[in-house]
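Welcome! Have a look at the protein below, then try the exercises and compare your steps with the worked solutions.

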Amino acid sequence: MSKKIAFLFPGQGSQSVGMGKELYDNYEAAKAVYDKADEVLGRSISTICFEGPEEDLKQTINTQPAIVTTSIAALEVLKSQLNITPDYTAGHSLGEYCAMYTSGVMSLENTLRAIQKRAELMGKTGGGSMAAVLNATEEQLNAGLEAGSKAGYVAVANYNSPYQVVITGSDEAVKAAGDYLLANGVRRVIPLAVSGAFHSEFMKDAGKEFEEFISGFELNNAAVPVITNVDAELTTSGEDFRIKMPQQIYSSVHWSQTVEKMISGGVTIFVEIGPGKVLAGLNKKINSEVATYNIYDKASLETTLGCLKSELMCEV
């Protein structure tokens with residue numbers, strides 16, 4: 001039986017100044033993506049990726065298109081070097097747009113236009129905070145959320161792995177939940193440096209505005225199933241994506257469940273495509289038996305190409 005492979009794409013927080021520069025300098029496929037992004041976005045997102053400064057790169061309005069551009073550039077380089085088609089795609093939060101692009105749901109131009117609007121809407125929605133909760137049991141987490149809800153709105157933003165969730169909501173409620181968890185056996189609750197309460201009801205207005213923005217977009221049926229964040233389910237219908245894209249802005253990211261869904265579907269090889277190794281780290285926590293490779297620069301590309309040719313017996 002042939003091995004199944006999934007392509008994964010990272011989300012916000014994976015960015016770093018200089019990302020993608022090596023791929024841009026060495027591969028025409030990457031250069032073409034960055035050049036197109038600069039044209040579509042009407043500004044030099046490539047300069048922000050390659051030169052920063054970091055203060056600019058970490059602003060949501062820049063971070064989201066920068067990561068998406070870098071991830072798609074890395075994807076196109078991989079495709080130029082190896083004839084390979086994944087069995088599934090998925091992306092963490094904004095990375096889902098790269099997954100949809102990979103699966104043929106949107107053109108490169110529309111993917112860039114969509115992520116720029118998403119970043120604009122999320123970046124201007126202030127208020128609220130987020131915190132990572134490490135090594136809490138389900139019972140502890142639920143009790144913490146219940147305690148926090150007495151001070152305001154609090155919910156789970158990301159189910160990143162069985163050992164890490166991110167909570168989101170009002171400042172008071174997130175702090176109250178964190179204080180409760182720390183007082184009741186949870187050893188680490190880490191406040192996150194974010195501009196607002198992403199993946200929460202604070203983002204519902206942004207979701208509604210985004211729904212209007214994409215109403216005229218051409219969304220194709222996916223050639224390769226995308227496991228979507230909002231429900232960790234296989235999605236192929238273009239109209240289903242039209243419904244889920246706005247929902248994703250204010251709904252929980254079911255990442256751990258997404259990876260488990262692909263593993264249950266027979267995936268044994270994952271390739272994280274884009275800056276950093278965040279998703280590879282989460283995969284080790286979710287299931288240490290699966291292989292996860294990375295593509296973010298020339299060396300990692302060459303290593304991954306060698307491993308994939310060996311694992312999958314792909315034809316160049």
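**Exercise 1.** Find the buried residues of helix 11, and then what covers them.

*Solution.* Start with the list: Gly-238, Phe-241, Arg-242, Lys-244, Met-245, Pro-246, Gln-248 and Ile-249 are the buried residues of helix 11. Here buried means under 20% relative accessible area, exposed means over 50%, and partly exposed lies in between (1.4 Å probe, protein chains only). Helices (H or I, at least four residues) and strands (E, at least two) are DSSP runs, numbered from the N terminus. Next, look at the cover, which includes helix 6 (95-102), helix 7 (108-123) and helix 10 (204-213), together with strand 7 (226-227) and strand 8 (234-235).

Before going on, a note on the model: it is predicted, local features need pLDDT of at least 70, side-chain atom pairs count only at pLDDT 80 or more, and totals for chains, interfaces and linings use all residues. Residues are numbered from 1 along each chain as its sequence is written, and side-chain values use heavy atoms, with hydrogens and water left out.

**Exercise 2.** Where does helix 11 bend, and by about how much?

*Solution.* Follow helix 11 through residues 238-250 until you reach Lys-244, where the helix bends by about 30°. The bend is the angle between axes fitted to the seven residues ending at a residue and the seven starting there. Then step onward: a proline, Pro-246, follows within four residues.

**Exercise 3.** Ser-93 and Asn-135 each have a positive phi; which one is buried and which is exposed?

*Solution.* First, locate them. Ser-93 sits in the loop between strand 2 (88-91) and helix 6, while Asn-135 belongs to the loop between strand 3 (129-134) and helix 8 (138-149). Second, read the angles: phi is near 55° for Ser-93 and about 60° for Asn-135, and neither residue is a glycine. Third, check the relative accessible area. Ser-93 has 10% and is buried, whereas Asn-135 has 54% and is exposed.

**Exercise 4.** Which two residues does a cis peptide bond join?

*Solution.* Look for an omega of about 5°: this leads you to the bond between Gly-52 and Pro-53. Pro-53 lies in the loop between helix 3 (45-51) and helix 4 (54-57).

**Exercise 5.** How many helices and strands does the protein have, and what share of its residues is buried?

*Solution.* Count the elements to get 14 helices and 10 strands. Then turn to burial: of the 316 residues, 54% are buried.

Terms used
Contact = heavy atoms within 4.5 Å.
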